[in-house]
Amino acid sequence: MQIKVKDQEGVASFHISGEINIDTVAELKKAFKKVIDNKKRKVLLNFEAVNYIDSSGLASLIELSRDLKNIQGIVFMSNLSAKVSSIFSITKLDRIFKIFDTEVEALKNFYGY
Amino acid sequence: MATKDKKSRYFEYKEKIRRSYGQLKKAYEEVQDSYAEMVFRMALVAEYKDDATGTHLVRIADYSTEIGRQMGLSQKDINYLKYASVMHDIGKLVVPDAILKKESGLTPEERELIKKHAPLGADIFRGSRSALLKVAKLICLTHHERYDGTGYPNGLKGKEIPLFGRIVALADVFDALTSRRPYKAAYGFNEAMEMIKEQSGKHFDPDVVKVFLSCRSKIKRIWQATQDIDSFVKEKAAELHVES
């Protein structure tokens, strides 16, 4: 798994690639913690290059969402690959997380926050 | 001059081939991605029939994958296990709802009909040339076989049961034990672990049990993660007033 984080108009934008699983999730959680510690309140996760996410990965997204809520922040997700999208549907997380087809669309929606 | 032209043309062709290969690889990955998506969504249909939560499928995939990994399976086999394991109960699609959702008092005939979900699931994939669907067929057919030969549908014994079936059998039972059902409460993690241990050599392959017990902390993390997902979904559904 590889993680690239960049600042896009005040949004901490994550480009993750590879598989988010029980063995790789620690690295992602570390990157999330850094964002929270730096009081970044807007986070975007681009899943275009993520080919799988397991239960530990999903739990890390929930933890991020909770941590952001505590600092009045929000997380958006975009570009879900087909596999990731079906896993979100199976777990019903697609009904809860704010998911956009493209990164541009997601970034536009941060303006209201 | 001619040599230089030849050389530049060579690099041009090389670049074209490289680009075409990249495009082909991307297209192939897209097809694979859609294929796996369909597998998950198909499995979800069977879950709707059974009233189980979606995390059941994620747990089966994660437990099976972890066991496969610890048993030293190849990455290819681990991937087959990950995607095919979610199809284990697809045969329930052809079992009537009235029987599937009956909480108690199943007649012997109804019990037999429920047992049919194993061969019926395998029938769905019969004749497929896809390696993944062949594994799905095996798993459907053998995930209710027992190591001591008392399982169904064929009463296979020991290593006659394919390894994929032996792995998913344990993952499925462990998940059933730790899940609440209309007719029973969920067993705690430790209690369920003990029950699996107790069934080594009876219901389950001792080698699979040994590996499962050795990765206890990871199994617990998977179990905990899916509990977190379920409670988060429940909590948010209540907040958003959407049907969970």
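Begin with the largest nonpolar core, which has 84 residues. A nonpolar core is a set of buried Ala, Val, Leu, Ile, Met, Phe, Trp, Tyr and Cys residues joined through side-chain atoms within 4.5 Å. Buried means under 20% relative accessible area, exposed means over 50%, and partly exposed lies in between (1.4 Å probe, protein chains only). Select F14(A), V43(A), L45(A), F47(A), L61(A), F88(A) and F174(B), the residues with the most contacts inside this core. The element that gives the most to the core is α8(B), with seven residues. A second, separate core has eight residues, among them V11(A), A106(A), L107(A) and F110(A).

The model is predicted: local features need pLDDT of at least 70 and side-chain atom pairs count only at pLDDT 80 or more, while totals for chains, interfaces and linings use all residues. Residues are numbered from 1 along each chain as its sequence is written, chains are lettered from A and ligands numbered from 1 in the order in which they are written, and side-chain values use heavy atoms, with hydrogens and water left out.

**Helix α8 of chain B**

Next, select residues 163–177 of chain B, which form helix α8. Helices (H or I, at least four residues) and strands (E, at least two) are DSSP runs, numbered from the N terminus. The expected span of a helix is 1.5 Å times one less than its number of residues. For the 15 residues of α8(B) this gives 21 Å, which agrees with the 21 Å between its end C-alpha atoms. Twelve of the 15 residues of α8(B) are buried, including F164(B), V168(B), A171(B) and F174(B). The buried residues of α8(B) pack against several helices of chain B, among them α2 (55–70) and α11 (216–240).

**Position 60 in each chain**

Select I60(B), which lies in helix α2 of chain B. I60(B) has a relative accessible area of 0% and is therefore buried. Contact means heavy atoms within 4.5 Å; leaving aside residues up to four places away in sequence, I60(B) touches S85(B), H88(B), V168(B), A171(B), D172(B) and D175(B).

Now move to S60(A), in helix α2 (residues 55–70) of chain A. S60(A) counts as buried because its relative accessibility is 2%. Beyond residues up to four places away in sequence, S60(A) touches V25(A), L28(A), K29(A) and F32(A).

**Two helices in contact**

Display α5 (residues 108–115) and α6 (residues 117–124) of chain B, whose axes come within 5 Å and cross at roughly 30 degrees. From α5(B), the contact involves L113(B), I114(B) and K115(B); from α6(B), it involves H117(B), A118(B) and P119(B).

**Backbone details**

Most residues other than glycine have a negative phi, and most peptide bonds are trans. Where do the following residues depart from this pattern? Y152(B) and P153(B) are joined by a cis peptide bond, with omega about 5 degrees. P153(B) is in the loop between α7 and α8 of chain B.

In chain A, select Q72(A), where phi is positive, near 55 degrees. Q72(A) sits in the loop between α2 and β4 (74–78) and is exposed, with a relative accessible area of 62%. End at K92(A), where phi is also positive, near 70 degrees. K92(A) counts as partly exposed because its relative accessibility is 22%.

Definitions and conventions:
Axes fitted to C-alpha atoms, helices over the stretch in contact; angles between N-to-C directions.
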